[in-house]
Amino acid sequence: MAGLQELRFPEEKPLLRGQDAAELENSDTFLLAVDTDWKEHDIETPYGLLHVVIRGSPKGNRPAILTYHDVGLNHKLCFNTFFNFEDMQEITKHFVVCHVDAPGQQVGASQFPQGYQFPSMEQLAAMLPSVVQHFGFKYVIGIGVGAGAYVLAKFALIYPDLVEGLVLMNIDPNGKGWIDWAATKLSGLTSTLPDTVLSHLFSQEELVNSTELVQSYRQQIGNVVNQANLQLFWNIYNSRRDLDINRPGTVPNAKTLRCPVMLVVGDNAPAEDGVVECNSKLDPSTTTFLKMADSGGLPQVTQPGKLTEAFKYFLQGMGYIAYLKDRRLSGGAVPSASMTRLARSRTASLTSASSVDGSRPQACTHSESSEGLGQVNHTMEVSC
């Protein structure tokens with residue numbers, strides 16, 4: 001367990017500044033975009049067209065932020081809340097942001113014809129170099145959730161020189177065994193597709209409590225995403241193979257992710273075991289494990305502030321320094337931010353990063369404590 005880096009964030013309320021939970025759970029929050037600068041593209045790839053939404057243009061050697069959503073969602077349902085969060089916009093305005101929708105999952109997608117063969121998870125990853133080439137990106141920082149995290153991890157394994165860093169939420173590196181496959185098949189016979197997908201996205205506790213958030217996603221998944229296309233993506237995800245990664249030194253010629261990685265999971269998420277296992281298979285010197293307290297299956301939706309803070313330090317660990325002042329001290333208006341690329345580093349870790357803005361109040365405290373034999377836990381507390 002040596003080298004395990006675990007970050008725990010205290011509860012942060014309200015979830016969005018100036019908004020309460022009821023407003024967050026309103027379906028409009030997921031689909032309405034704050035920006036009007038997004039441009040849609042359909043990009044030809046070796047395995048068919050890929051719908052991409054992009055804001056900004058490549059800025060020198062700075063990487064693009066490229067996202068990939070989970071099964072049952074699209075880039076809007078998965079990422080709008082997170083990327084529309086004020087502090088996140090302060091960060092992303094210095095990068096080109098590229099949202100990728102899996103084939104046929106975007107809003108208004110036409111149904112695939114009968115007999116259409118949906119790309120495998122490996123082929124979905126192999127579609128991404130076409131996106132990188134089309135827009136002239138030199139490399140990307142990937143943010144993926146669930147199935148999208150798996151696709152981005154596969155992409156980084158196949159094309160490591162194109163990936164600067166990865167934020168992987170709810171990733172499960174394991175393929176489904178026969179028992180899991182049979183259970184999924186049985187669930188599909190007894191439940192509607194949206195309900196089956198919800199059990200992948202949310203914990204049993206969240207589903208039993210049937211929160212407004214869960215109800216809203218049930219409605220959005222059923223009405224916004226084409227159901228026939230979703231079924232194809234769901235089937236492919238559940239037939240995935242194990243992600244071929246092992247911690248360096250554990251097996252001969254071990255494959256692993258070469259870039260800095262931040263693994264994220266809520267402490268009440270169905271993907272927790274998978275994320276923990278993925279952490280055990282990655283290089284501890286370049287991997288940070290973020291377990292978010294008081295968060296369920298969609299931390300980017302329920303706790304965007306915590307995730308934004310963690311992402312900022314992740315960028316700092318790679319040499320991108322954000323000068324962001326506390327909104328509470330700025331009278332509401334956010335000062336313009338600047339980001340400086342210090343040095344390309346494949347070995348920097350998030351926990352080694354610290355704020356360089358002397359005027360910024362001490363909002364983060366780092367502490368280390370030992371538990372058990374040789375285990376070191378890195379704890380970051382954030383108050384925003």
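In which hand does H9 pass H11? H9 crosses H11 in a right-handed way, where right-handed means that the near helix is turned clockwise from the far one by less than a right angle, and left-handed means anticlockwise. Keep in mind that this is a predicted model, in which local features need pLDDT of at least 70 and side-chain atom pairs count only at pLDDT 80 or more, while totals for chains, interfaces and linings use all residues. Residues are numbered from 1 along each chain as its sequence is written, and side-chain values use heavy atoms, with hydrogens and water left out.

Stay with that pair. Helix H9 covers residues 193-201 and helix H11 residues 212-224, and their axes come within 10 Å and cross at roughly 130 degrees. That makes H9 oblique to H11. Helices here are DSSP runs (H or I, at least four residues), numbered from the N terminus. The axes are lines fitted to C-alpha atoms over the stretch in contact, with angles from 0 to 180 degrees between N-to-C directions. As for the angle words, 65 to 115 degrees counts as roughly perpendicular, under 35 as roughly parallel, over 145 as roughly antiparallel, and the rest as oblique.

On the H9 side, Pro194, Asp195, Val197, Leu198 and Leu201 meet Val214, Tyr217, Arg218, Ile221 and Gly222 of H11, contact being heavy atoms within 4.5 Å. By class, the contact of H9 with H11 has 7 nonpolar, 1 polar and 2 charged residues. Here Ala, Val, Leu, Ile, Met, Phe, Trp, Tyr, Cys and Pro count as nonpolar, Asp, Glu, Lys and Arg as charged, and the others, Gly among them, as polar.

H9 also packs on helix H12 (residues 227-238), at about 40 degrees and with the axes 11 Å apart. H9 and H12 are therefore oblique to each other, and their crossing is left-handed. Leu193, Pro194, Thr196, Val197 and His200 from H9 touch Gln227, Leu230, Gln231, Trp234 and Tyr237 from H12. That contact divides into 6 nonpolar, 4 polar and no charged residues.

Now hop over to H6 (residues 128-135) and H7 (residues 147-158), whose axes come within 10 Å and cross at roughly 75 degrees. These two are therefore roughly perpendicular. Leu128, Pro129 and Val132 in H6 meet Val151, Leu152 and Phe155 in H7, a contact with 6 nonpolar, no polar and no charged residues.

Last stop, the cavities. There are 3 of 30 Å³ or more, a cavity being a set of points on a 1 Å grid over the protein atoms alone where a 1.4 Å probe fits but cannot get out.

Technical notes. 1 Å grid on protein atoms, 1.4 Å probe; cavity = no way out; pocket = protein on both sides within 12 Å on 5 of 7 lines; lining within 4 Å. Points joined across faces, edges and corners; volume = space filled by probe spheres on them.
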